[in-house]
Amino acid sequence: MRVDDVDRPVPDDGQVLIRVKAAGINPGEAAIRTGAMADIFPSTFPSGQGSDLAGVVAEVGVGVDRFSVGDEVIGFSEKRAAQAELVLVDVNNLTPKPNGVPWEVAGGLYVAGVTAWGQ
């Protein structure tokens, strides 16, 4: 694993740029990196790390009206990029951060919450 500097991402239509405050990692994501789940979640390398994130909206793309710059959100990165400083997220993979939930807890809420909701 290494840290790389990249250009600031620019949100496309329906995307939101998030300044990440906290990010989680799930056991399934670790399995993805070993190739154990290649049939369901293929991986190509280099690859980002982590899907769960919590942060502040830094910029919104065209057509995004549910969130504004400065909103606190939790969400899911389909590109396993949650552990970057700035992450592009589809607007449908975001929800407002619950009030009173600390950042370090909020960073791991999305996948656990969606999993519990789906059961």
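Trainee: Where is the place of Gly107?

Mentor: This is a predicted model, in which local features need pLDDT of at least 70, side-chain atom pairs count only at pLDDT 80 or more, and totals for chains, interfaces and linings use all residues. Residues are numbered from 1 along each chain as its sequence is written, and side-chain values use heavy atoms, with hydrogens and water left out. Helices (H or I, at least four residues) and strands (E, at least two) are DSSP runs numbered from the N terminus. Gly107 is in the loop between helix H2 (103–106) and helix H3 (109–118).

Trainee: Is Gly107 buried or exposed?

Mentor: Buried means under 20% relative accessible area, exposed over 50%, and partly exposed in between (1.4 Å probe, protein chains only). Gly107 has 1% relative accessibility, so Gly107 counts as buried.

Trainee: Which residue in E4 is the bridge partner of Arg19?

Mentor: Two strands pair if DSSP finds at least two bridges between them. Strand E1 (residues 15–23) and E4 run antiparallel and are joined by five bridges. Strand E4 covers residues 86–90. The partner of Arg19 there is Leu86.

Trainee: Which residues is Leu86 in contact with, leaving aside its neighbours within four places in sequence?

Mentor: Contact means heavy atoms within 4.5 Å. Leu86 is buried, with a relative accessible area of 17%. With those neighbours left aside, the residues in contact with Leu86 are Arg8, Pro9, Leu17, Ile18 and Arg19.

Trainee: Which residue in E2 does Arg19 stand opposite?

Mentor: E1 is also joined to strand E2 (residues 52–60), by seven bridges, and the two run antiparallel. In E2, the residue opposite Arg19 is Val56.

Trainee: How far apart are the closest N and O atoms of Glu85 and Arg19?

Mentor: A salt bridge is a side-chain nitrogen of Lys or Arg within 4 Å of a carboxyl oxygen of Asp or Glu. Glu85 and Arg19 form one, with their closest N and O atoms at 3.0 Å. This pair links distant parts of the chain, 66 residues apart: Glu85 is in the loop between strand E3 (72–76) and E4, and Arg19 is in strand E1. The distance asked for is 3.0 Å.

Trainee: Which residue forms a salt bridge with Arg8?

Mentor: A search of the whole structure finds three salt bridges. In the one formed by Arg8, the closest N and O atoms are 3.6 Å apart, and the partner is Glu59.
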